Amino acid sequence: MANSPIITNMDVIPVAGYDSMLMTLSGAHAPYFTRNLVVLEDSAGHQGIGEIHGGDYTCACLNGVKPLVVGQEVARYRKVLQTIHRMTQPTQENDGEGIQTLDLSKLKFVVKSEWAIECAMLDLLGQYLGVPMAELLGEGVQRKKVEVLGYMFYVSDKSKCTSQEFPYLDESDSQDPWFRLRREEILTPERIAQEAQCLHEKYGFRNFKLKGGVLAGEQEMEALRAVKKLHPDARVNIDPNGAWSLSEAIQLSKGMHDVITYMEDPCGPEGGFSGREIMREFKNATHFPVATNMIATDWRQFYHTASQNACDIILADPHFWGFEGSIRMAQLLESWGLTWGIHSNNHFDITLAAFAQVGCAAPGTPTPLDTHWIWQDGQNLLKDTPQIRDGFLPLPEKPGLGVTLDMDKVWKANAFYNRLPSHERDDAMAMQYLIPGWKFDHKRPALVR
Ligand code: GKR
Ligand code: MG
């Protein structure tokens with residue numbers, strides 16, 4: 001294509017940011033999290049950016065494919081991705097289990113590094129054509145803003161983690177009530193209700209998801225009831241990441257139909273049955289709509305999920321499925337009468353902008369999107385971070401991804417990354433300060449030992 005700009009440079013920049021002591025089935029978040037950025041330059045003078053999960057594996061995959069990207073035409077980004085897929089071999093380490101038991105060491109195989117390249121190339125193509133990325137996806141722009149949810153976590157007391165080298169952030173002197181609260185201990189139903197209220201006041205959320213799998217199931221139900229009591233019109237969901245047995249999940253669901261809108265991965269594989277089979281039995285028994293980011297993370301898993309009618313809502317994270325792939329899923333789900341949404345992990349604001357693009361291109365009525373951004377808000381790597389207002393994330397107005405990197409901040413986040421003892425997510429590390437000798441068990445809530 002004679003007129004297409006050419007990629008002249010590709011940088012892979014690993015970065016790190018701060019996190020709270022967020023609790024999940026897999027343990028407690030460390031004081032920091034890592035991500036990888038892809039920064040492309042083209043012959044038209046544009047910069048294209050993408051963000052994906054952190055860790056050395058993903059970083060090495062990205063660095064390994066640079067020769068397949070640099071020198072290629074922006075308009076042929078699909079050919080670039082196709083070449084990457086043809087030339088890269090699946091790693092033998094990957095046993096294909098995925099994350100159906102939330103084994104975090106397998107997340108790096110579910111995440112596909114090349115989707116950060118897809119994002120950066122779509123950013124460049126959009127800038128070249130003068131249209132937002134959402135215009136280039138699926139059937140184009142469906143809406144100008146997309147609803148997002150308040151992703152609530154239990155938070156442990158950070159002072160219990162006595163490691164001096166990388167302490168958790170303290171924001172007790174912030175003027176912003178949410179910034180103060182997110183670094184404090186939140187472990188009771190009253191505190192979870194306070195979290196929801198604070199999030200509602202700051203971001204306008206009317207949808208809330210509680211990360212479960214932390215306390216005994218009944219205590220988590222009590223927290224949801226407290227949120228619903230405070231916000232009777234809000235949609236409230238819970239995601240224990242498959243921590244509950246089928247019978248426990250059925251028991252916990254009793255009397256909760258007026259409180260919970262949908263259940264996300266309430267149970268997982270057990271007794272020789274797969275997570276897909278067990279979730280189907282849960283649906284049959286409770287008639288709750290069920291969402292997942294664990295049992296359908298690729299098309300083959302999705303085939304089995306759909307053929308067993310095991311799920312109603314697929315949280316098709318573009319970092320797992322690709323940007324085109326996530327929208328392809330949205331199209332399919334819409335035509336089948338099912339629901340599309342997005343799953344998230346800790347991320348910077350480049351991913352936030354990417355979620356805005358994908359969310360605004362998804363046909364049908366997406367379920368409000370997940371985003372962890374509220375826990376990182378303020379650690380911006382962009383000059384023009386999209387703002388969540390009234391519970392919605394707007395489509396950036398500029399072409400492409402619609403945002404601009406602040407390189408000073410990027411290099412600072414890279415310097416932080418380079419000082420870290422490890423680049424991999426390890427939720428068991430901080431747990432040792434809460435419960436010495438703690439070990440991950442995908443069937444036992446993190447604080448139930
Ligand atoms: O950030 O701890 C977390 C979440 O629990 C994350 O690891 C999950 O992948 O949020 C995710 C989910 O919806 O399962
Ligand atoms: Mg989930």
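**Parallel sheet, domain contact and local backbone features**

Within strand β13, Thr339 is the bridge partner of Ile313. The model is a predicted one, in which local features require pLDDT of at least 70 and side-chain atom pairs count only at pLDDT 80 or more, whereas totals for chains, interfaces and linings use all residues. Residues are numbered from 1 along each chain as its sequence is written, chains are lettered from A and ligands numbered from 1 in the order in which they are written, and side-chain values use heavy atoms, with hydrogens and water left out.

The pairing of β12 (residues 313–315) with β13 is parallel and extends over 3 bridges. Strands are DSSP runs of E with at least two residues, helices are runs of H or I with at least four residues, and both are numbered from the N terminus; two strands pair if DSSP finds at least two bridges between them. Strands of a sheet pair through backbone hydrogen bonds, either parallel or antiparallel. Strands β12 and β13 belong to an open sheet of 7 strands, with parallel pairing and the order β7-β8-β9-β10-β11-β12-β13.

Antiparallel pairing occurs between β4 and β5, over 7 bridges. In this pair, Val38 has Gly50 of β5 as its bridge partner. The hairpin formed by β4 and β5 has 4 residues between the strands, and Gly45 takes a positive phi near 90° in this hairpin. Strand β5 (residues 47–53) is largely enclosed by the rest of the structure, because 6 of its 7 residues are buried. Buried denotes under 20% relative accessible area, exposed over 50% and partly exposed in between, with a 1.4 Å probe and protein chains only.

Two domains are given by the domain assignment: domain 1 (7–131 + 408–418) and domain 2 (136–401). The bounds come from an automatic or database domain assignment. Taken over C-alpha atoms, the centres of domain 1 and domain 2 are 22 Å apart. Domain 1 contributes 51 residues to the contact and domain 2 contributes 55 residues, where contact means heavy atoms within 4.5 Å.

A search of the whole structure for aromatic pairs gives 12. Rings of Phe, Tyr and Trp (its six-membered ring) pair if their centres lie within 6.5 Å; planes under 30 degrees apart count as stacked, over 60 as edge-to-face and the rest as tilted. One of these pairs, Tyr32 with Phe166, is edge-to-face, with 5.6 Å centre to centre and 70° between the planes. Tyr32 is in strand β4 (residues 32–42) and Phe166 in the loop between β7 and α7 (177–181), so the pair ties together parts 134 residues apart in sequence. Tyr32 and Phe166 are both buried. Through ring pairs, Tyr32 and Phe166 are linked with Tyr18 and Phe416 into a cluster.

Charges over rings were also identified, the criterion being NZ of Lys or CZ of Arg within 6 Å of the ring centre and within 35 degrees of the ring normal. Lys209 places its charged end over the ring of Tyr151, 5.5 Å from the centre. Lys202 lies over the face of Tyr203, with 5.4 Å to the ring centre.

Most residues other than glycine have a negative phi, and most peptide bonds are trans. Asn241, which is not a glycine, has a positive phi of about 55°. Asn241 is located in the loop between β9 (235–239) and α10 (246–253) and is buried, with a relative accessible area of 5%. Asp265 also has a positive phi, near 40°. The loop between β10 (260–264) and α11 (275–286) holds Asp265, which is buried at a relative accessible area of 1%.

Asn207 is part of strand β8 (residues 207–211) and is buried, its relative accessible area being 3%. Neighbours within four places in sequence aside, Asn207 is in contact with Glu147, Val148, Leu149, Gly150, Arg235 and Pro368. Between Asn207 and Glu220 there are 13 residues of sequence separation and a C-alpha to C-alpha distance of 17 Å. Ser174, in the loop between β7 and α7, is buried with a relative accessible area of 18%. With neighbours within four places in sequence left aside, Ser174 is in contact with Phe179 and Arg180.
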